[in-house]
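User: I would like a close look at a single part of this model. Please treat it in one connected account.
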Amino acid sequence: MLNFSFVNPTQIHFGDQQILEIKHSIPKGAKVLVVYGGGSIKKNGVYDQVVEALSDFDWGEFAGIEPNPSYQTCMEAVELIQSQNYDFILAVGGGSVIDGCKFIAAAAVFDDDPWDILAKGAQVNDALPIGVVLTLPATGSESNSFSVISNVETQDKLPFASALVQPQFAVLDPNVMQSLPKRQLTNGIVDAFVHTMEQYLTYPVDAKVQDRFAEGLLLTLIEEGPKLLDDEVSYQTRANVMWSATMALNGLIGAGVPQDWATHMIGHEITALYGLDHAQTLAIVLPRMLAQQQREKREKLLQYAERVFGLDTTDPEKAISEAISLTEQFFHRVNMPTRFSDHGLGEEVVQQVCAQLERHGMVALGEHQAVTPDKSKHILLASL
Ligand code: NZQ
Ligand code: ZN
């Protein structure tokens, strides 16, 4: 196992009716800016519950954070915060709203040009506190320190990370999932699955706890994910998927193990260029990434084949190819397409995505830095 330091300071309030809990979690006397997206929270009752819970607070709101939150929109919220002296941000939404709020929290108190946080990796030394009401289980953003922001003018989609923007608390009420369109449920299942794979499917370092936890998350998503798309869905299925998505990227399974993230970096470029949903890009890239990197990932692929899919590994090549194929079949089972052609995209993507990767210095990706531009090109070509 590799050395690590681990803390996850986000307090989770999980379960039915927990939105009211924000009343006790936001510091008394705070001036709260409620930030949300395109308005789904006004149709499904979440907004009303938040308003009720905030009855003792001085608060205002900022609406309109879009999926793949834009730098431009976030900067409008920064201006509002600065002019009205808000000192606490309550993010009510999915990964995009939460990521947007993380950037807003840092940018609102940043001395230089906030774009530098994303483009130059400028250090974040201060940020406003954030709380979250999660409405879409997928990214894990509710209890981690990462954020991904898009610049619509330059077609950049860039990540940043800071412990200072990690939410202080997050409410996870599985009932909020009732209003999610099937496309977003599918996205959430696939994103959580690929987050687990990015931290599990690298090379062995004898991290038995992390491996077994990761396998537990993968199995839960394989078992419960398809049920989430049925017409009748139980509270328990929603709860299990929601908790899996949080646990997949809250730092726990990634502590003390090598991490990959090449699929994500290529996926971000695809979203920036063509607007595909984040998880749609991952489902295209991951199967070909595993196939391309199968020599480097051999031992873990065999472990995955045996423990997650119950495959016989006496013929290792056959087991690896079956495990990759079963991964893709799982995406299909949750109605997720796995080819560029399914989205009306063709060969043009190969050259354009590779150019973006080079422009962003993404030229040595993965746990061995082995995914060079040439390898990325092969992965993309094989994914058409
Ligand atoms: O904008 P509203 O009206 O809220 O509608 C949203 C949006 O249209 C809707 N939605 C959310 N909750 C709903 C709902 N509709 C009905 N009922 C509800 N309960 O769903 C749509 C998509 O929302 P979005 O927040 O964009 O989805 P997701 O949670 O998948 O977030 C994706 C973003 O997170 C980034 C992605 O790159 C992408 O920008 N990621 C963030 C990560 C992190 N911070 O750790 C890691 C991930 O790998 C990922 O990169
Ligand atoms: Zn993701």
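At what angle do helix H12 and helix H13 pack, and how far apart are their axes?

Analyst: The model is a predicted one. In it, helix H12, which spans residues 298–309, packs against helix H13, residues 316–333, at an angle of about 65 degrees, and the two axes are 9 Å apart. Angles of 65 to 115 degrees count as roughly perpendicular, and H12 and H13 are therefore described in that way. The crossing in which H12 passes H13 is left-handed. On the H12 side, the contact is formed by Arg298, Leu301, Leu302, Tyr304, Ala305 and Phe309. H13 contributes Pro316, Glu317, Ala319, Ile320, Ala323, Ile324, Leu326 and Thr327.

The metal site may be described next. The zinc ion (ligand 2) is coordinated by Asp191 through OD and by His195, His264 and His278, each through NE2, at 2.0 to 2.2 Å. Along the sequence, these donor residues follow the spacing D-x3-H-x68-H-x13-H. Asp191 belongs to helix H7 (residues 182–200) and His278 to helix H11 (residues 278–292), so this pair ties together parts that lie 87 residues apart in sequence. Burial is assigned under 20% relative accessible area. Asp191, at 2% relative accessibility, therefore counts as buried. His278 likewise counts as buried, because its relative accessibility is 16%.

Terms used: Residues numbered from 1 in each chain as written. Chains lettered and ligands numbered in written order. Predicted model: local features only at pLDDT ≥ 70, side-chain atom pairs only at ≥ 80, totals over all residues. Heavy atoms only, no water. Axes fitted to C-alpha atoms, helices over the stretch in contact; angles between N-to-C directions. Helix = DSSP H or I, 4+ residues; strand = E, 2+ residues; numbered from the N terminus. Parallel < 35°, antiparallel > 145°, perpendicular 65-115°, else oblique. Left-handed = near helix turned anticlockwise from the far one by under 90°. Contact = heavy atoms within 4.5 Å. Donors = N, O, S within 2.8 Å, 3.2 Å for Na, K, Ca; no water. Buried < 20%, exposed > 50% of the residue type's maximum accessible area, 1.4 Å probe, protein only.
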